[in-house]
Amino acid sequence: MPDSASPRKYRRVLLKLSGEALRQPGSADNISPPIVEDMAAQIKAAHQTGLEIALVVGGGNFWRGVSASNKGMERATADYMGMLATVMNSLAVQSMLEAMDVPTRVQSAIKMDNVAEPFVRRKAMRHLELGRVVIFAAGTGNPFFSTDTTAALRASEVNAEIVLKATKVDGIYDADPNKNPDAKKFDRISFHECLTRQLKVMDATAFSLCMENNMPIGVFSMNEPDNIRRALTGEHIGTLVDAKG
């Protein structure tokens with residue numbers, strides 16, 4: 001049930017998490033349960049406000065198709081393996097959310113009936129309307145597309161109001177803040193200026209999808225405590241990319 005004491009800005013959002021975010025740095029485990037538990041607790045807190053939440057989780061903690069392709073593996077095969085990695089991560093997040101009594105559905109772009117529903121747009125929207133967190137797994141179901149592109153595509157398909165991308169940095173800068181101490185962080189920037197400055201917000205396909213569909217992108221650091229909940233409920237952290245800037 002919605003918690004009226006916790007305000008929210010959006011009605012429906014899509015949260016993009018990287019696969020590496022599920023792994024404790026330096027750990028031999030691909031998935032670290034305490035990290036997944038913390039993420040799930042923050043998602044639950046936002047969900048309790050009545051927010052409709054969709055998720056896309058990457059697979060980089062298990063496999064990176066582009067890296068394997070660069071080392072000689074056939075690209076399409078490498079990408080399909082990466083899609084399967086996203087399914088494993090999606091199931092891990094689903095398991096933790098449901099342990100916290102958050103109703104969740106995983107929809108896979110690759111048919112695997114024993115572990116996930118097939119992706120059906122209208123069914124996904126109905127799940128969201130009924131208060132279920134929907135996790136979109138297996139990318140778009142096609143090689144040569146990233147999970148950033150999946151996030152942009154699914155957000156547009158289910159009429160989300162924003163794509164929230166959790167990263168290792170606290171927003172978008174005009175230069176690499178790790179190399180340039182004078183790098184300037186943007187609180188808000190337009191799609192056009194990102195293109196003009198050649199800033200890497202998402203891969204080109206994902207960014208184009210968001211720009212063409214006027215889908216705002218929120219980029220924030222997930223390394224700060226409670227940042228996922230804060231971003232989901234609409235608190236302005238990180239950088240907002242939209243048409244106006």
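## Overall build

Helices, of at least four residues, and strands, of at least two, are DSSP runs that are numbered from the N terminus. Counted in this way, the protein has 8 helices and 11 strands. The model described here is a predicted one, and every value in this report was computed from it.

Along its principal axes, the C-alpha trace of the protein spans about 55 × 50 × 35 Å. A compact globule with 245 residues would have a radius of gyration near 18 Å, and the 17 Å found for the protein agrees with that expectation. Of the 245 residues, 49% count as buried, while the accessible surface comes to about 11900 Å², of which 49% belongs to carbon and sulfur atoms. Among the contacts in the protein with a separation of 6 or more, 72% are accounted for by residues 24 or more positions apart.

## The nonpolar cores

The largest nonpolar core holds 38 residues, and the members that touch the most other members are Leu15, Ile53, Leu55, Ile228 and Leu232. At least two residues of this core are supplied by each of the strands β1 (12–17), β2 (52–57), β5 (133–137) and β6 (163–167), and likewise by each of the helices α1 (33–47), α3 (75–99) and α8 (227–232). The largest share, 6 residues, comes from α1.

## Aromatic pairs

A pair of aromatic rings is described by the distance of the centres and the angle of the planes. A search of the whole structure finds 2 aromatic pairs. In one of them, the rings of Phe119 and Phe136 have their centres 5.6 Å apart and their planes at 80 degrees, so the pair is edge-to-face, given that planes over 60 degrees apart count as edge-to-face. Phe119 sits in the loop between β4 (117–118) and α4 (121–129), whereas Phe136 belongs to strand β5, and the pair thus links distant parts of the chain, 17 residues apart. Phe136 is buried, with a relative accessible area of 2%.

The rings of Phe191 and Phe207 have their centres 5.5 Å apart and their planes at 75 degrees, and therefore this pair is edge-to-face as well. Here too distant parts of the chain are linked, since Phe191 lies in helix α6 (residues 191–197) and Phe207 in helix α7 (residues 204–212), 16 residues apart. Phe191 counts as buried at 4% relative accessibility, and Phe207 counts as buried at 7%.

A disulfide is a covalent bond between the sulfur atoms of two cysteines. How many disulfides does a search of the whole structure find? The search finds 0.

For Cys194, the closest cysteine sulfur is that of Cys210, and because the two sulfurs are 11 Å apart, they are too far for a bond; a disulfide would need them within 2.5 Å. Cys194 counts as buried, at 1% relative accessibility, and Cys210 is buried with a relative accessible area of 0%.

Terms used. Residues numbered from 1 in each chain as written. Predicted model: local features only at pLDDT ≥ 70, side-chain atom pairs only at ≥ 80, totals over all residues. Heavy atoms only, no water. Core = buried A, V, L, I, M, F, W, Y, C linked by side-chain atoms within 4.5 Å. Buried < 20%, exposed > 50% of the residue type's maximum accessible area, 1.4 Å probe, protein only. Rg over C-alpha atoms; globule rule 2.2 N^0.38 Å. Contact = heavy atoms within 4.5 Å. Areas by Shrake-Rupley, 256 points an atom, 1.4 Å probe, with all protein chains shown as cover. Phe/Tyr/Trp six-rings, centres within 6.5 Å; stacked < 30°, edge-to-face > 60°.
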